[in-house]
Amino acid sequence: MCANCGFPAAPGHWTEAGAATAPDRLRARFRRAQVLQTILSGYGLTAHDDGVIPGITVATKTGNHVMAADLAEFWAAAERIGGKVVDPLDPRFTCADAEDENRSR
């Protein structure tokens, strides 16, 4: 954990449940970024969380990007710069994730 800014911050969002230590929180963030990237690729957008700075970056393929502090801001930013509604519960994403989980077992 950074002694100056306290990053990564203590869990505060339900997606960070179970991540009690700083390394656990970083692993959770990287996994979340992978899932977000999978979802956004279907919308022509990218998601990036390098674990160095707080927040998640959503970007278009032309380089337009926005930093979001949390997931609520992230979805709003993705819709704003992507110009269309982003549905993270679209069956093509939720079913694909379930299939990946089943394969890893």
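In this predicted model, Asp-49 touches Arg-29, Phe-30, Arg-32, Ala-33, Gly-55 and Ile-56, leaving out residues up to four places away in sequence. Asp-49 sits in the loop between strand 1 and strand 2, and its side chain meets that of Arg-29 in a salt bridge. The protein chain contains three helices and three strands, arranged along the sequence as α-β-β-β-α-α.

**Asp-49 and Arg-29**

- Asp-49 has a relative accessible area of 7% and is therefore buried, the cut-off being under 20%.
- Arg-29 belongs to helix 1, and its relative accessibility of 8% means that this residue also counts as buried.
- The salt bridge between Arg-29 and Asp-49 has an N to O distance of 2.5 Å, and both residues of the pair are buried.
- Side chains of opposite charge can pair when their charged atoms come close.
- This salt bridge of Arg-29 and Asp-49 links distant parts of the chain, with Arg-29 in helix 1 and Asp-49 in the loop between strand 1 and strand 2, 20 residues apart.
- The side chain of Asp-49 also reaches the backbone nitrogen of Gly-51, at 3.1 Å.

**The second salt bridge**

- The count of salt bridges comes to two.
- Besides the pair described above, Asp-24 and Arg-27 meet through their side chains in a salt bridge with an N to O distance of 2.7 Å.
- Asp-24 and Arg-27 both lie in helix 1, three residues apart, which is about one turn of the helix.
- Asp-24 is partly exposed, at 26% relative accessibility.
- Arg-27 counts as exposed because its relative accessibility is 51%, and the cut-off for exposed is over 50%.

**The chain as a whole**

- The protein chain has 105 residues, and buried residues make up 32% of them.
- The accessible surface of the protein chain is about 6600 Å², and carbon and sulfur atoms account for 58% of that surface.
- Among contacts in the protein chain with a separation of 6 or more, 32% are between residues 24 or more positions apart.

**Nonpolar core**

- The largest nonpolar core has 18 residues.
- Within this core, the residues that touch the most other members are Leu-36, Leu-40, Leu-45, Val-58, Phe-74, Trp-75 and Val-86.
- At least two residues of this core come from each of helix 1 (22–41), strand 1, strand 2, strand 3 (65–68) and helix 2 (71–82).
- Helix 2 supplies the largest share of the core, six residues.
- In soluble globular proteins, nonpolar side chains tend to be buried together.

- Leu-45 is located in strand 1.
- The relative accessible area of Leu-45 is 3%, so this residue is buried.
- Setting aside neighbours within four places in sequence, Leu-45 is in contact with Gln-37, Leu-40, Val-58, Ala-59, Thr-60, Ala-78, Ile-81 and Gly-82.
- Among these contacts is Ala-59, which lies 14 residues from Leu-45 along the chain, with a separation of 5.6 Å between the two C-alpha atoms.

**Nonpolar surface patch**

- Val-52, Ile-53 and Met-67 form a nonpolar patch on the surface.
- Together the residues of this patch have about 270 Å² of accessible area.
- Ile-53 is found in the loop between strand 1 (45–48) and strand 2 (56–60).
- Ile-53 has a relative accessible area of 41% and is partly exposed.

**Thr-94 in helix 3**

- Thr-94 is placed in helix 3 (residues 91–104).
- At a relative accessible area of 35%, Thr-94 is partly exposed.
- Apart from neighbours within four places in sequence, Thr-94 is in contact with Pro-88 and Leu-89.
- Thr-94 and Ile-39 are 55 residues apart along the chain, and their C-alpha atoms are separated by 9.3 Å.

Note on methods. Residues are numbered from 1 along each chain as its sequence is written. This is a predicted model: local features need pLDDT of at least 70, side-chain atom pairs count only at pLDDT 80 or more; totals for chains, interfaces and linings use all residues. Side-chain values use heavy atoms; hydrogens and water are left out. Patches are made of residues with over 30% relative accessible area and no salt bridge: like charges are joined within 9 Å, nonpolar side chains (Val, Leu, Ile, Met, Phe, Trp, Tyr) within 5 Å. Accessible areas come from the Shrake-Rupley method with a 1.4 Å probe; for residues, only the protein chains shown count as cover. A salt bridge is a side-chain nitrogen of Lys or Arg within 4 Å of a carboxyl oxygen of Asp or Glu. Helices (H or I, at least four residues) and strands (E, at least two) are DSSP runs, numbered from the N terminus. Buried means under 20% relative accessible area, exposed over 50%, partly exposed in between (1.4 Å probe, protein chains only). Contact means heavy atoms within 4.5 Å. A nonpolar core is a set of buried Ala, Val, Leu, Ile, Met, Phe, Trp, Tyr and Cys residues joined through side-chain atoms within 4.5 Å. A polar contact is a pair of N or O atoms within 3.5 Å; within protein, one must be able to donate a hydrogen and the other to accept it, and residues adjacent in sequence count only if both atoms are side-chain atoms.
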